[in-house]
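Let's read a structure together, one feature at a time. Have the sequence and the model open beside you.

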Amino acid sequence: MQPISVLLWLGAELATYHFLAGALFDLPARHALLAAFAVLLVSRALLNLGTWRLAARHASPGYPRNVGRRLWLMLQDYAAYLFTFLLVIPLEALWMPADRLDRGGRVVLLVHGYGCSRGVFWLLRRRLEAAGCTVASVSLFPPFISLGRMVPQLGERIEAVCRESGARRLTLVGHSMGGLVCRSYLARHGNDKVQALITLATPNAGSELARYGIGQNAREMCPDSLWLRDMQGEKTGVPTIALCNPADNYVMPQANQRLPGAHNADLPPVGHLAMLYHPAVGDVIVDACTQGRSHS
């Protein structure tokens, strides 16, 4: 999602809460503003809690059952949710300056997930660059169109990155929905420009949470959707690693992250958004990008 869209949405949401707090409870302006922020935080907490309840209902074997452990994961992911959508994406330019494509080394293109933007990769990009990679990114917009309509945007970015970096081929890393867009690109255009694919908690067989999502891409990510059935027989044509999160609260059943024909490996259990900032998950991704292998 584009930063300006998120800023406008947050502004409108806070203004609505502020108005209602003042009108319904006759609060002074300052107290109404505090109430508006409180409602914003509580609403996000309830949304996040809903994903965890659904994840437990559709859990695959390996999903953490220890209550204390799950509460800790939920708290981490809630913090990551607030950080991502209140600070990182709205202020993307501060976190994620323009890509630096003249660094040499292996070229990696990061592709974000549903409702996000390239900004979510600010920390992972730093880690990969420190490991000697040239890192590119892309924002797919508008956020709720068909996955197929996102493929040309990815294709244009791949062409531009190869041209500007001088690389003949690059490695695609797709988080969540981004992995599906990468798979669709490879099915349509082949592997002339791509040497490897790494998917991170991608709903390769769909997610039950997508049934509650907005947009055509959410419908296409529902289990057994026509789009996913069409993709089932498509081989990536490149070495592929599917990194699977056994505690995922967005892609469920969690086993749906596995991809036949790929090297499937488990990540440390962590929330779906928190995984973007988790040190151990970062180690696995950097290793997969630089060494062509993954921890299992």
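Q: What should I know before I start?
A: This is a predicted model, in which local features need pLDDT of at least 70 and side-chain atom pairs count only at pLDDT 80 or more, while totals for chains, interfaces and linings use all residues. Residues are numbered from 1 along each chain as its sequence is written, and side-chain values use heavy atoms, with hydrogens and water left out.

Q: How do I check the span of helix 2?
A: Helices (H or I, at least four residues) and strands (E, at least two) are DSSP runs, numbered from the N terminus. The expected span of a helix is 1.5 Å times one less than its number of residues. Helix 2 has 29 residues and should therefore span 42 Å, which agrees with the 42 Å between its end C-alpha atoms. Helix 7 (residues 177-189) has 13 residues and reaches 18 Å from its first C-alpha to its last, close to the expected 18 Å. Glycine 190 follows helix 7 and has a positive phi, near 75 degrees.

Q: Which residues of helix 2 are buried?
A: Buried means under 20% relative accessible area, exposed over 50%, and partly exposed in between (1.4 Å probe, protein chains only). An α-helix has 3.6 residues a turn, so residues three or four places apart point the same way. In helix 2 the buried residues include Ala32, Ala36, Leu40, Ser43 and Arg44. Helix 1 and helix 3 are among the elements that cover the buried residues of helix 2.

Q: Is helix 7 mostly covered or mostly open?
A: Mostly covered: 10 of its 13 residues are buried, among them Met177, Leu180, Val181 and Cys182. The cover over those buried residues includes strand 1 (107-111), helix 6 (147-165), strand 3 (170-175) and helix 9.

Q: Why does phenylalanine 25 count as exposed?
A: Phenylalanine 25 counts as exposed because its relative accessibility is 59%. Phenylalanine 25 lies in helix 1 (residues 3-25). From phenylalanine 25 to phenylalanine 83 there are 58 residues in sequence and 30 Å in space, C-alpha to C-alpha.

Q: Which residues have the most contacts inside the largest nonpolar core?
A: In soluble globular proteins, nonpolar side chains tend to be buried together. A nonpolar core is a set of buried Ala, Val, Leu, Ile, Met, Phe, Trp, Tyr and Cys residues joined through side-chain atoms within 4.5 Å. The largest core has 51 residues, and Leu110, Leu128, Ile198 and Leu243 have the most contacts inside it. A second, separate core of 33 residues includes Leu109, Val181, Cys182 and Val194. Contact means heavy atoms within 4.5 Å. Leaving aside residues up to four places away in sequence, isoleucine 198 touches Val173, Ile241, Leu243 and Ala288, among others.

Q: What lines the largest pocket?
A: On a 1 Å grid over the protein atoms alone, a pocket is an open set of points where a 1.4 Å probe fits, with protein on both sides within 12 Å along at least five of seven lines; lining residues have an atom within 4 Å of a point. The largest pocket is lined by 38 residues, and Tyr81, Phe85, Tyr114, Phe144 and Ile214 lie nearest its centre. Helix 2 gives the most to this lining, with 8 residues.

Q: How many residues line the second largest pocket?
A: The second largest pocket has 19 lining residues, with Arg183, Gln232, Glu234, Leu259 and Pro260 nearest its centre. Helix 9 (residues 226-232) supplies the largest share of this lining, 3 residues.
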